[in-house]
Amino acid sequence: MGAPVFTSVSALLDDLGITEPDELDLNVIAQHCCATVLYKPLEGCAARISGAGDRAIITVDSGSKIERQRFSVGHELGHWMFDRGKMSLLACAESVFIREWSNQNPETRANRYASDLLMPVSMFKPRAQPLKRIDFDAVKSMARIFKTSISATAIRLVEHGPLPAILVCSRPGGIEWTAPKKKDFKLWVQQPGPYSYAYDILNGNKEEGSGDVPASAWFDHPLAASHTVHEHSIKGFQDFVLSLLWWRDETMLIELDEYEERQDARRSDWRD
Ligand SMILES: [Zn+2]
């Protein structure tokens, strides 16, 4: 009998009877999928997987933080589920965990798998529901429950949290990615301007900053000039800056819907 393939995380968790965050023991879950996890110092990558037949060995850098190690196991399990047979040895760098969120490729799929495994939506949503703000303090409170990294938890929170917010990863050269993805979002995020906290961090003047900022510091849109967003920015991995933008006041989003409707109406008038 071959090793079970669980391309659906919920099927895997159901199979194991896991319903609570503290039951998410990655070693046990990996073992269930015929993968053994080893922890030892690695150089040049955060984790790797070698598969032979129905067995895999996942090696995780013992020098990295617990949250990162957990994510690495989830990521390599994602490769094991989707890329089995196409790989004999695969090494994944830490930068992959930070950067590969926007494109459709095996690394993104492995990151998604890790995220679904470490923060199952069915467990995440009810625990995020009582949150009153979307900032990195809220992210940290969720990260403590799920033993996950700040960046992975922040992505989860903007996608499954109770309040409207987006996460932007920028670096001095431009926007690296946003969550939700750009195409799913009506506003065009631009390189953070001087009125943003991210600007100060990108220019090396600060490590962290939060407060209300003009929406025009972040969005290239006619409506941005008359609204504010709440920004909390922190220095991330290497020269990356992570910014959580949360609409404390949702008027801008309501006006944005109306604006879109007017634009659509105008476009159809033009065609008639
Ligand atoms: Zn990978």
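Trainee: Hi! I've got this predicted model open. What is the strand order in the open sheet of five strands?

Mentor: Hello! In this predicted model, the five strands of that open sheet run in the order S6-S5-S9-S8-S7, with antiparallel pairing.

Trainee: And which are the edge strands?

Mentor: S6 and strand S7, residues 208-214, are the edge strands, and each of them pairs on one side only. From one strand to the next, the twist averages 25 degrees.

Trainee: How many bridges join S5 to S6?

Mentor: Five bridges join strand S5 (residues 165-171) to strand S6 (residues 174-179), and the two run antiparallel. You can follow the pairing residue by residue: Cys169 stands opposite Trp177 in S6, and Ser170 stands opposite Ile175. A hairpin through two residues takes S5 into S6.

Trainee: Nice. I clicked on Thr178 in there. Buried or exposed?

Mentor: Thr178, which sits in strand S6, counts as buried because its relative accessibility is 8%, and the cut-off for buried is under 20%.

Trainee: What does Thr178 contact, leaving aside neighbours within four places in sequence?

Mentor: With those neighbours left aside, Thr178 is in contact with Leu167, Val168 and Val189.

Trainee: Where is Pro180 found, and what is the peptide bond from Ala179 to Pro180 like, cis or trans?

Mentor: Pro180 is in the loop between S6 and H9. The peptide bond that leads from Ala179 into Pro180 is cis, with omega near -5 degrees.

Trainee: Since you mention H9, what about Leu202?

Mentor: Leu202 belongs to helix H9, residues 197-202. Leu202 is buried, with a relative accessible area of 16%. Not counting residues up to four places away in sequence, Leu202 touches Ser170, Arg171, Pro172, Gln191, Pro192, Asp239 and Val241.

Trainee: How far apart are Leu202 and Thr7?

Mentor: They are 195 residues apart in sequence and 38 Å apart in space, C-alpha to C-alpha.

Trainee: Back to the five-stranded sheet. Which strands does H8 lie across?

Mentor: H8 lies across S5, S6, strand S8 (228-235) and strand S9 (241-246). H8 runs at about 145 degrees to S5.

Trainee: And how do H6 and H8 cross?

Mentor: The axes of helix H6 (residues 121-128) and helix H8 (residues 150-160) come within 10 Å and cross at roughly 75 degrees. The two helices are therefore roughly perpendicular to each other. On the H6 side, Val121, Phe124, Lys125 and Ala128 meet Thr153, Arg156, Leu157 and His160 of H8.

Trainee: Which other residue has a positive phi although it is not a glycine?

Mentor: Cys34 has a positive phi of about 65 degrees. Cys34 is placed in the loop between helix H2 (26-32) and S1, and is buried at a relative accessible area of 18%.

Trainee: Which way do S1 and S3 pair, parallel or antiparallel?

Mentor: Parallel: S1 and strand S3 (residues 55-61) share six bridges. In S3, Ile58 is the bridge partner of Val37.

Trainee: Last one: how many residues has H5?

Mentor: Helix H5 (residues 106-118) has 13 residues and reaches 18 Å from its first C-alpha to its last. At the start of H5, a side-chain oxygen of Asn105 comes within 2.9 Å of the backbone nitrogen of Glu107. Buried residues in H5 include Glu107, Tyr113 and Leu117.

How values were computed. Residues are numbered from 1 along each chain as its sequence is written. This is a predicted model: local features need pLDDT of at least 70, side-chain atom pairs count only at pLDDT 80 or more; totals for chains, interfaces and linings use all residues. Side-chain values use heavy atoms; hydrogens and water are left out. Two strands pair if DSSP finds at least two bridges between them. Helices (H or I, at least four residues) and strands (E, at least two) are DSSP runs, numbered from the N terminus. The expected span of a helix is 1.5 Å times one less than its number of residues. Buried means under 20% relative accessible area, exposed over 50%, partly exposed in between (1.4 Å probe, protein chains only). A polar contact is a pair of N or O atoms within 3.5 Å; within protein, one must be able to donate a hydrogen and the other to accept it, and residues adjacent in sequence count only if both atoms are side-chain atoms. Axes are lines fitted to C-alpha atoms, for helices over the stretch in contact, and angles run from 0 to 180 degrees between N-to-C directions. Angles under 35 degrees count as roughly parallel, over 145 as roughly antiparallel, 65 to 115 as roughly perpendicular and the rest as oblique. Contact means heavy atoms within 4.5 Å.
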